[in-house]
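Thank you all for making time this morning.

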Amino acid sequence: MRKWRYLIFVHLRCVHTLVATLMLCAINAAGACDANQITLPDNSCIDVKFTITVKPKTKNTEISFSISAMGTFYVDWGDNQSDSIETIPRNNTTVAPYSHTYSSTGPFDIRIGGLATGYADGQTTAAISFMTSNVNKNFFTEISGDLSAIFPVLGATDDLRPRFYRTFYNCNKIKSIPENLFRGITSAYNYTFYQTFYQCSALSGFIPPSAFGGLIQNGHPYGTQMMASMFANTALDTSCSGDNHRQYITGYESYWNSKVSCGTRYAITYVLNGGTNYALNNCAMSQTIPIYTITPQTFYAKWTPVSGTLCSGGYYRNNDVCVAVGAGYWSENNSDIRTQCPTGLTTIGYGLGADSSHDCGSELHIGTHTIYLRQNRQTAHTLNVQIGNTIYYANMSPTDIKMSDNIDNYLKVNVDGIVYSIYDDSGEEYTNQ
C-alpha cells in the first residue's frame, strides 16, 4: 500500500512531463519499501514478521530450514546476492527444506514474511523448523519477531493450528526469547510446543510473558505434552530477580522444567490533564493493560462538564438548587436524588448526618431533647440503644457539642468521671456553621 501512495504522489508532481513521470516513478519504486519490509523482484513490498540471524564459520556454507505449512512465504536471505530473495508458494503440507549458500561468514539476517493457510495433521510436524541440519543449528545466533504472525491459529481442527515441535531444537547459540514470539497463539494442544527450545544451552534470562501472552490471557488448558521439555537443558531463570520484575503464574511452569515467566514493572503515570481530582464518591478508573505491554503507560484524565451546583451530603440537586433531603431520607455527595429510609427508620431532615444509608435509624427522646440514632458508630465512645434485636448509636464527645441552635441545648452524661456530650450529626453541622 505504501508503494502506491508514493507513486501517485510522484505522478501528480510529474503530470506536466509524461516521459519524466515514467522515468522518475520507475527509479523510486525500487526504494519504496521500508526497513521492515522485503523488496521483491517485482518491486512490491512484503512485511517482515520474523528474523533469524545466521553466522557461518566458513565461506560457501549452506544454511537451511524447513516449512511444512501451506501458504505463500517470502525469504530474504540477507546477503544481497541475486538469488537472496525467494518466494515460496506451497499447496501441500509435506516437509520441504529451503537452503542458501553464503559466500562469506556474515553475520546475515534471514528475514521471513507471508501467511500460512493450513497445516499438517501430524502432531510432530512443525510448521517451521531450524533443526534440519546439525551443523546449521550451531550457526543460528539470534531470533526476533512474531512467528504466530506467519503461522496463526486458523481454526479449531488440527489442520488449522500450527505446531512448533522442536522448531529451535538444539540451536545452542540462541541467547534470548523475543517478546512476542508466539503472542498470537491463543489455543494449543499436545505437542504444539514440545521441545521447541530443547537444549538451547545458551538461552538465558527469563521467559517474557508476552511470548505466550495469547495462551495466558485465554486461560488455555494445559495439555500434558503441549509444552513438555520445551526449555529443558537451557540456562533460563527459575525465579524472577530484582524488585522491578514480577513473575506471571502461567500454569506451564511444570512443563517448562521450572523456568519462569517474568515481566518488567513499568511506571503508570496518571495525568490530570489540566484538572483537579476531588474526593468524589464512587470515582474509579478502569483500564486493561494487556499482558504483552512492554512500555511505561500514561493515562490522561477526561473531564465532563457537570451541569448545576455540587451539593453536599444531606442535600440533593433539584432544578439546579440544593434541597435538604427531609426527615426519613438521605443523599450522598453530589447527587440528584434522595433515598428513603426503610420503613420504621428515619433521619434528621438536613445536613451531614443524612449522607449515607447508615444515617437511617430511630429517634431517642430524653426530656426536651431528640437525638437521631444511626445504624453504625461514628465516634470512639457511643451511646448504644437497643430496640428489639437491633442496636442503634448516638455520638459521644468529651467536647461540648450542642444539639440545636439554642446554646443551652446540651445533653450530657458522666461516664467514670468523664463528662460526654451526646449528639447526632445535626449538632456537628450546627457547630461547624
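**Starting from one serine**

In this predicted model, a polar atom of the Ser-331 side chain lies 3.3 Å from the backbone oxygen of Tyr-315. Ser-331 itself is placed in the loop that runs between strand E19, residues 329-330, and strand E20, residues 339-340.

What surrounds Ser-331, if we leave out residues up to four places away in sequence? The residues it touches are Gly-313, Gly-314, Tyr-315, Tyr-316, Val-325, Ile-337, Arg-338, Ala-354 and Asp-355. For Tyr-316, which is 15 residues away along the chain, the C-alpha atom is separated from that of Ser-331 by 6.2 Å.

Let me now step back to the whole protein. There are five helices and 26 strands, and of the 433 residues, 42% count as buried. If we take the contacts with a separation of 6 or more, 63% of them are accounted for by residues 24 or more positions apart. The accessible surface comes to about 22,900 Å², and carbon and sulfur atoms hold 49% of that.

The largest nonpolar core has 53 residues, and the ones with the most contacts inside it are Phe-151, Phe-168, Phe-197 and Phe-212. Among the elements that give this core two or more residues are strands E3 (50-54), E4 (61-67) and E5 (70-76), together with helices H3 (147-150) and H4 (213-218). Strand E8 contributes the largest share, which is four residues. As for Phe-168, its contacts beyond four places in sequence include Phe-50, Ile-52, Phe-130, Ile-143, Leu-147 and Phe-197. Another core, of 17 residues, lies apart from the largest one, and its members include Val-325, Trp-330, Tyr-392 and Met-396.

On strand pairing, I will show one example. Three strands form an open sheet in the order E7-E4-E9, with antiparallel pairing, and its edge strands are E7 and E9, the latter covering residues 128-129, each of which pairs on one side only. Between E4 and E9 the antiparallel pairing runs over two bridges, and Ile-67 stands opposite Ile-128 of E9.

Finally, confidence. The mean pLDDT of the protein is 81, and 81% of its residues reach 70 or more. Where is confidence lowest, and where is it highest? It is lowest in helix H1, residues 2-13, with a mean of 32, and highest in E3, at 97. Over residues 1-30 pLDDT stays under 50, and the model has 20 contacts beyond four places in sequence for that stretch; over residues 428-433 it also stays under 50, with 13 such contacts. Where pLDDT is low, the predicted coordinates should not be read in detail.

Conventions: Residues numbered from 1 in each chain as written. Predicted model: local features only at pLDDT ≥ 70, side-chain atom pairs only at ≥ 80, totals over all residues. Heavy atoms only, no water. Core = buried A, V, L, I, M, F, W, Y, C linked by side-chain atoms within 4.5 Å. Buried < 20%, exposed > 50% of the residue type's maximum accessible area, 1.4 Å probe, protein only. Contact = heavy atoms within 4.5 Å. Polar contact = N/O pair within 3.5 Å; in protein donor to acceptor, adjacent residues only side chain to side chain. Areas by Shrake-Rupley, 256 points an atom, 1.4 Å probe, with all protein chains shown as cover. Pairing = 2+ DSSP bridges. pLDDT = per-residue confidence, 0-100.
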